[in-house]
Amino acid sequence: MNAKKIFGLLLLTFGIGIVFGVAYAYAQPERAGDYVLRLANELGGLSPNPFDNFVRIFTHNASVALLVLVSGLFFGLGPWVMMFFNGAVVGIVAGVFVRHGFPVEKIVLGLVPHGVVEIPAFVLAGTAGVLWYRSIRNSEEPAKGFKEGMKTALKLYGLTLIMLLLAAFIEAYITPKVAGL
C-alpha cells in the first residue's frame with residue numbers, strides 16, 4: 001500500500017470516527033456530556049491573548065502528532081486507532097453541542113477554518129508512522145529499515161509541523177472571528 005492510499009484510508013478512518021462519535025452523543029447523551037465536560041476541564045479555557053492560544057495549540061498538537069507518528073511503530077496499527085479515536089472525540093463534542101441547541105453553522109465555522117489544515121497534518125503524521133513501520137518490516141536488515149524509515153518519517157513530521165503552525169495560527173487568530181467565539 002502506497003503513502004497516498006494510507007493517507008486516504010487514515011482520513012477515512014477519522015471520518016468514520018466522527019460518525020461513531022456523533023452516534024454515541026445521541027445514544028448516550030449523559031455520558032457524552034460528562035465526557036465533554038471532563039475534556040474541557042483537562043484542556044482548560046482559552047486565553048484572551050491569541051498568541052498564548054497559538055503557542056498552546058501548536059505545542060499540544062505537535063506533541064499529539066508526534067505520538068501519532070511513533071504509534072505507527074506498534075505494528076503499524078497505532079495511527080489507525082488514534083485517528084478513529086480523535087474523530088470520535090470530534091463527533092462526540094459536535095454531537096453534544098448540537099443536542100444542546102448550538103447552531104450547526106457555528107460548529108462548522110469553529111472547526112473547518114483550521115481543521116482543513118490540522119486534520120491532514122495529523123493524518124500525515126500517521127502516514128509517516130505506518131511507513132516507518134513498513135520500512136522496518138520490509139527490510140532485510142531491520143536496523144537499516146529503521147534508520148531509512150525514520151528519515152522518511154522525520155521529513156514528513158517536519159511538514160506536519162509546518163502545517164500545524166499554520167493550523168494553530170488560524171485556530172488562534174481567525175477561527176474565533178469567523179465563528180464568532
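Guide: pLDDT is the predictor's confidence in each residue, on a scale from 0 to 100. Helices (H or I, at least four residues) and strands (E, at least two) are DSSP runs, numbered from the N terminus. This is a predicted model, in which local features need pLDDT of at least 70 and side-chain atom pairs count only at pLDDT 80 or more, while totals for chains, interfaces and linings use all residues. Residues are numbered from 1 along each chain as its sequence is written, and side-chain values use heavy atoms, with hydrogens and water left out.

The mean pLDDT of the protein is 95, and 99% of its residues reach 70 or more. Among the elements, α1 has the highest mean pLDDT (97), and helix α2 (residues 29–43) the lowest (91).

Now the core. A nonpolar core is a set of buried Ala, Val, Leu, Ile, Met, Phe, Trp, Tyr and Cys residues joined through side-chain atoms within 4.5 Å. Buried means under 20% relative accessible area, exposed over 50%, and partly exposed in between (1.4 Å probe, protein chains only). The largest such core has 25 residues, and the members that touch the most others are Ala65, Leu69, Met83, Phe122 and Leu164. Two or more residues each come from α1 (3–27), α3 (50–71), α4 (78–99), α5 (104–138) and α6 (142–179). Helix α3 gives the largest share, eight residues.

For contacts (heavy atoms within 4.5 Å), residues up to four places away in sequence are not counted: Leu164 then touches Phe58, Asn61, Ala62, Ala65, Glu118, Ala121 and Phe122. Thr160, in helix α6, is buried, with a relative accessible area of 0%.

A second, separate core has five residues, including Ala25, Val36, Ile92 and Val96. Val96 is 9.2 Å from Glu30, C-alpha to C-alpha, although 66 residues separate them in sequence. Glu30 lies in helix α2 and counts as exposed because its relative accessibility is 68%.
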